[in-house]
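Subject: Handing over the structure

Hi,

Here is the structure I promised to pass on. Have a look at it first, and then read on for what turned up.

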Amino acid sequence: MVAKTIDVFCKNGHLLFGRYIKMKSGFLMKCYISRIGKDYVGVTGLSAGTDVFCPECKLRIGRIKMVKGMPAVFINHGTVKRIKT
């Protein structure tokens, strides 16, 4: 398994997460908060169940959920640029 470093943008082109480490191939479904290199949204420290919005265009990009004991942003498809690795 090869990790890839990607940038995550909203559908309007605003940078949300810089240098996110994506571990698996396929479409981006969730972003583990611990793997985000640069957080432009401010998701660090948010509690589970909190909605996450783009700071520029106020588009809802996902919700914080606990996955395997780690907090992650579950992505709303159609609100972020499609990423497949």
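Before the strands, a quick word on terms: two strands count as paired if DSSP finds at least two bridges between them. Strands themselves are DSSP runs (E, at least two residues), numbered from the N terminus. Bear in mind that this is a predicted model, where local features need pLDDT of at least 70 and side-chain atom pairs count only at pLDDT 80 or more, while totals for chains, interfaces and linings use all residues. Residues are numbered from 1 along each chain as its sequence is written, and side-chain values use heavy atoms, with hydrogens and water left out.

Let's start with β6 (60–67) and β7 (70–75). They pair in the antiparallel sense over six bridges. Within that pairing, R63 sits opposite F74 of β7, and M66 faces P71, also in β7. The two strands make a hairpin with two residues between them, and K68 there takes a positive phi near 55°. G69 also belongs to the loop between β6 and β7. Is G69 buried or exposed? It is exposed, with a relative accessible area of 61% (over 50% is exposed, under 20% is buried and anything in between is partly exposed, using a 1.4 Å probe and protein chains only). If you want a sense of distance, the C-alpha atoms of G69 and T5 are 23 Å apart, with 64 residues separating the two along the chain.

β6 has another antiparallel partner in β5 (residues 51–53), joined to it by three bridges. V52 stands across from G62 of β6. This is a hairpin too, with six residues between the strands, and K58 in the turn has a positive phi of about 60°. β7, for its part, also runs antiparallel to β3, with three bridges joining them; C31 is opposite V73 of β7 there.

Then there is an open sheet of three strands, in the order β1-β2-β4, with antiparallel pairing. β1 (4–9) and β4 (38–39) are at the edges with a single partner strand each, so one side of each has no neighbour in the sheet. Five bridges hold the antiparallel pair β1 and β2, and V8 is set opposite F17 of β2.

Next, T79, which lies in the segment after β7. T79 counts as buried, at 12% relative accessibility. Its side chain reaches the backbone oxygen of N76 at 2.5 Å, a polar contact (N or O atoms within 3.5 Å; within protein, one able to donate a hydrogen and the other to accept it, and residues adjacent in sequence counting only if both atoms are side-chain atoms). Leaving aside residues up to four places away in sequence, T79 touches C10, K11, L59, R60 and I61 (contact means heavy atoms within 4.5 Å).

Last, the pockets. A pocket is an open set of points on a 1 Å grid over the protein atoms alone, where a 1.4 Å probe fits and protein lies on both sides within 12 Å along at least five of seven lines; lining residues have an atom within 4 Å of a point. Which residues lie nearest the centre of the largest pocket? They are M23, K24, K30, Y32 and R35, out of 13 lining residues. β2 (15–22) and β3 (30–32) each supply at least two residues of that lining.

Cheers

Note on methods: Helices (H or I, at least four residues) and strands (E, at least two) are DSSP runs, numbered from the N terminus.
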